[in-house]
Amino acid sequence: MLKPYVHLMRRPGASAFFTAGILGRMPISMLGLGIVILIARETGSYGLAGAVSGVGVIAGALTGPIQGRLVDRFGQRTLLLAGSIVCTIALGFLLVAVRADAPIWVLYVLSFVAGGTRPQVGSFVRARWTHLLGRGRALQTAFALEAVGDEVVFVVGPVVVTALATQVSPYAALSAAGLLGLAGGIWLALLRASDPPGRGKAHGKEQAPLPWLSILLLSLIGLGLGATLGGAEVVTIAFTTEKGQAQLSGVVLAVWAFGSLLAGLWYGSVHWQAPVERRLLFGTMLLAITLAPLPWVNSVLLLGVVLFCCGLTIAPTMVAVTACVEEWVPPQRLTEAITWTVTGMLLGVAPGNALSGHAVDLWGPSTAYWVPFSFGIACALVAAVSTTFARPKTRFAHN
């Protein structure tokens, strides 16, 4: 199962930019959780905590496509350096503002700046794989490896955050998230050999068109995934706290991500014959099915088992979304198209966090699990529509 990945990592420069990409993505799994833990502890409101975290996610979603277009034109280095530094500075001011009991609007502004300037490292690394490998089966394996990398981030990040938050301080947890992202962003920026060259402005020529309806629907699937995952994360923190086992929230979330990691490794090692659209539809359907038991879970141990099973559907679904993008869009606009689907996922995390946080405040954690389940159902419905009616006629790659 691991042989295809060994071959990938032997490619020139691959191991370096893959590792830098993992480090640069650590804030994805650490910032939101860290902000929720910090603000909930300081104010006692999961609703406010989810809202402040969501503002940062919305900012990242709004700037994501802009980052992708700039990178396709001018390369990654400048944006990685500037974005990583500004994001870390804004996060530092956010910690100071929380400590100083600043007005709520200040928290929102700083969260917006930190989220909006954080580089979309996952999209950048996937673009580097495309530049290195071209299109075809090896690239699909690389995308699966990136999904596994995402899950490594979500295995390690929550554990680190909760350990630092409970054993040291919530402020230390957020500081660690910012510094890891800064280190990864700078490292990736310095790897010039693997940076896809910018194409500059089109010299009097129109850019290759994107299949906007298809991209919109794929982004809506990403939104459903983001809302499902973000909402379930907030409710899981509240559930373990209610059971008197708050220290296990990071472990439970890591178990969830570990299930996705295993599924991603398996998925990328298989030579698939089924069309990628069918795999996407099945993935979203299975995700909704595995979410269904959550409102009836009554122990942290059982919660871990259910979330592990749910995790087995996550990485394959995310890989299928990226594979659809890779097949459906012209190569010169790949980074921009990927960032649109990432934007959808980030936009989904915000309402998922906020609505689930308010549901916890109103009805308690167990009942609040209906929120991510509902988003999962919506995600599957959009996948059914997009894979049936919105497949573009032109294809740019084949598995």
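This is a predicted model: local features need pLDDT of at least 70, side-chain atom pairs count only at pLDDT 80 or more; totals for chains, interfaces and linings use all residues.
User: What makes Glu-146 and Arg-25 a salt bridge?

Analyst: A salt bridge needs a side-chain nitrogen of Lys or Arg within 4 Å of a carboxyl oxygen of Asp or Glu. In this pair the closest N and O atoms are 2.7 Å apart, so the pair meets that rule. A search of the whole structure finds 1 salt bridge.

User: Where do the two partners sit in the chain?

Analyst: Glu-146 belongs to helix α7 (residues 137-167) and Arg-25 to helix α2 (residues 14-43), 121 residues apart. Helices here are DSSP runs of H or I with at least four residues, numbered from the N terminus.

User: How do α3 and α5 cross?

Analyst: Happy to say! The axes of α3 (residues 46-74) and α5 (residues 104-117) come within 7 Å and cross at roughly 35°. Axes are lines fitted to C-alpha atoms over the stretch in contact, with angles from 0 to 180 degrees between N-to-C directions.

User: Why is the crossing of α3 and α5 called right-handed?

Analyst: The term applies because the near helix is turned clockwise from the far one by less than a right angle, and the crossing of α3 and α5 is right-handed.

User: What is buried between domain 1 and domain 2?

Analyst: About 4,200 Å², with carbon and sulfur atoms giving 67%. Buried area is the accessible area (1.4 Å probe) lost on putting two parts together, summed over both. Across this interface the rule finds 0 salt bridges.

User: Which residues and atoms count?

Analyst: Local features need pLDDT of at least 70 and side-chain atom pairs 80 or more, while totals for chains, interfaces and linings use all residues. Residues are numbered from 1 along each chain, and side-chain values use heavy atoms, leaving out hydrogens and water.

How values were computed. Helices (H or I, at least four residues) and strands (E, at least two) are DSSP runs, numbered from the N terminus.
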